[in-house]
Amino acid sequence: MSPTTLAPGLSDEQRDFVEAIRDFAKREAGTQEQRERLTEHYSELHNRELASKLAELGWLGASAPESYGGTGGGITDACLFLEEAFRGLLPVAGYPVTLITAGAVGKFGSEEQKQAIIGGMCEGRVNAIAMSEPEAGSDVGNLSCKADKSNGGWVLNGQKTWISAAHIADHILTIVRSDNSGSKHEGLTMFLVPTDAEGVEINPIETMGGKEVNDVFFTDCYLEDSTVMGEVGGAWLQLMSGLNVERLIIAANALGVAQRAFDDVLAYIKEREQFGRPIGSFQVLRHRIADLATEIECTRLLTYDVARKVDADPQQMLPREASMAKLKATEVVKRVALEGMQMMGGYGYATEYDMERHVRSALVMPIYGGTNEIQREIISKTYGL
Ligand SMILES: Cc1cc2nc3c(=O)[nH]c(=O)nc-3n(C[C@H](O)[C@H](O)[C@H](O)COP(=O)(O)OP(=O)(O)OC[C@H]3O[C@@H](n4cnc5c(N)ncnc54)[C@H](O)[C@@H]3O)c2cc1C
């Protein structure tokens, strides 16, 4: 394990937490055989049994209040868990999106919704969030999935797409248009839709990442009024207020994958010999390693700096900082994985090693959670452009 892999300024308790996750990952998913078994040969990237073990340890509630079964930590603690879980190749792909959903419900949900969603997360349950539609990607405000008032409740119709973990989720926090009369950012409402509700159909989308995303169709799906999450018509502002945490979660996840890709390539180039010496002794490779290590360290400093700012004042939107963390971490993970593959030669491309899977998980990170082009738009706007 490389020496400089801890966020700065951690308490003794946080250091112990990191060590405990590393030990757990080594024990539960340290070998190729274990990982193949846990992921059905890398087709399902979330293992419920493993998530239950993590829940029992209290780690899935690292940033959740104790009243909902959490351990009362902050987003910094959740980032430590995300970084180490993904570095350790624990198959908990449904967790980041569950954490994002819990963040929104924590801010705007009713007491009953908080018990179900935050409490569920602490017990190892998965929940999803649905914004994107076929005609509403980067321009998410263009969404047309709709909710009409009916019989004291609401009826949903329309399609969502690319919904991470919907196939293993209990609920999908769904953003729909409940009023057409205003601008595109007005008249939007969030619903906590149970995935077993009548009129909900979830179909997997084939991707290079295995079972991860889904189309979700709503056909005359009747929902009680109590499923509205937050204010009717207030979803856009609710969505915006959670973006600091959403981007941070993606950054911490990307950081963990980047660190793992780095660990793997470093180990490989120390072992592999060509021309009678380890390939890691060639200056070209050594310099690449130095550059990647520096990039990862910058990413870690930025990510935890933003996490601490959020913990200091969770109401801060931090559009510039949160977008910078997402942009940096997801570009760095892509670079580390692609250069890692190149440095491993043909073996980096073979499924026998993890590097090709690191490449597959890295390539999508600059796309979801708001593409990196959109992050650059947000960052540049904060400079008055
Ligand atoms: C694996 C995966 C998981 C996902 N999970 C979820 C989820 O759980 N929930 C959910 O709601 N969505 C999810 N998404 C959807 C994701 O957020 C969208 O794919 C993303 O926002 C981009 O939308 P799009 O794919 O329609 O691309 P488009 O918006 O069509 O963009 C295509 C290209 O045009 C560029 N572009 C678009 N507009 C601009 C602009 N104004 N300026 C500069 N460039 C621009 C984009 O950056 C991109 O390069 C997921 C997607 C993937 C692939």
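## The nonpolar core

Of the 112 residues that make up the largest nonpolar core, F191, L248, A258 and V333 touch the most other members. A nonpolar core here means a set of buried Ala, Val, Leu, Ile, Met, Phe, Trp, Tyr and Cys residues joined through C-beta atoms within 7 Å. A residue is called buried if 20 or more other C-beta atoms lie within 10 Å of its own, exposed if 12 or fewer do, and partly exposed in between, with the C-beta atoms placed from the backbone. The largest share of this core, 16 residues, comes from α8. In soluble globular proteins, nonpolar side chains tend to be buried together.

This is a predicted model, in which local features need pLDDT of at least 70 and side-chain atom pairs count only at pLDDT 80 or more, while totals for chains, interfaces and linings use all residues. Residues are numbered from 1 along each chain as its sequence is written.

When residues up to four places away in sequence are left out, L248 touches I75, C79, T303, V306, A307, V310, A322 and A325; two residues are in contact if their C-beta atoms, placed from the backbone, lie within 7 Å.

## Domains and their contact

The domain assignment of the chain gives domain 1 (12-126), domain 2 (129-235) and domain 3 (239-381), with bounds that come from an automatic or database domain assignment. The C-alpha centres of domain 1 and domain 3 lie 20 Å apart, and 18 residues of domain 1 are in contact with 22 residues of domain 3.

On the side of domain 1 that touches domain 3, the elements that give two or more residues are α4 (75-87) and α5 (95-108), and α4 gives the most, with 9 residues. Helices (H or I, at least four residues) and strands (E, at least two) are DSSP runs, numbered from the N terminus. By class, this side of domain 1 has 11 nonpolar, 3 polar and 4 charged residues, where Ala, Val, Leu, Ile, Met, Phe, Trp, Tyr, Cys and Pro count as nonpolar, Asp, Glu, Lys and Arg as charged, and the others, Gly among them, as polar.

## The surroundings of the ligand

The ligand is surrounded by 21 residues, of which the closest are G137, S138, S164, T371 and E373; the elements that give two or more residues to this shell are β1 (127-130) and α13 (372-381). A residue is near a molecule or strand if its C-beta atom, placed from the backbone, lies within 6 Å of it. By class, the shell around the ligand has 12 nonpolar, 6 polar and 3 charged residues. Because domain 2 (129-235) and domain 3 (239-381) both give residues to the shell, the ligand lies between them.

β1 pairs with strand β4 (residues 171-177) in the parallel sense over 4 bridges, two strands being paired if DSSP finds at least two bridges between them. Across this pairing, N127 stands opposite H171 in β4, and I129 stands opposite L173 in β4.

Strand β4 is largely enclosed by the rest of the structure, because 7 of its 7 residues are buried. Both faces of β4 are covered, with H171, L173, I175 and R177 on one side and I172, T174 and V176 on the other. β4 is also joined by 7 bridges to strand β5 (residues 188-194), and these two strands run antiparallel; in β5, the bridge partner of R177 is L188.

## Helix α12

The buried residues of helix α12 (residues 355-364) are M355, R357, H358, V359, S361 and A362. These buried residues pack against α8 (243-271), α10 (319-343) and α11 (346-349).

## Exposed residues outside these elements

Phi of H41 is near 55°, a positive value in a residue other than glycine. H41 has its place in the loop between α2 (32-38) and α3 (48-56), and H41 counts as exposed because it has 11 C-beta neighbours inside 10 Å. N151, likewise not a glycine, has a positive phi of about 50° and is found in the loop between β2 (146-150) and β3 (153-160). With 8 C-beta neighbours inside 10 Å, N151 counts as exposed.

P8 lies in the segment before α1 (12-29) and is exposed, with 11 other C-beta atoms within 10 Å. P8 and L301 are 293 residues apart in sequence but 7.4 Å apart in space, C-alpha to C-alpha.
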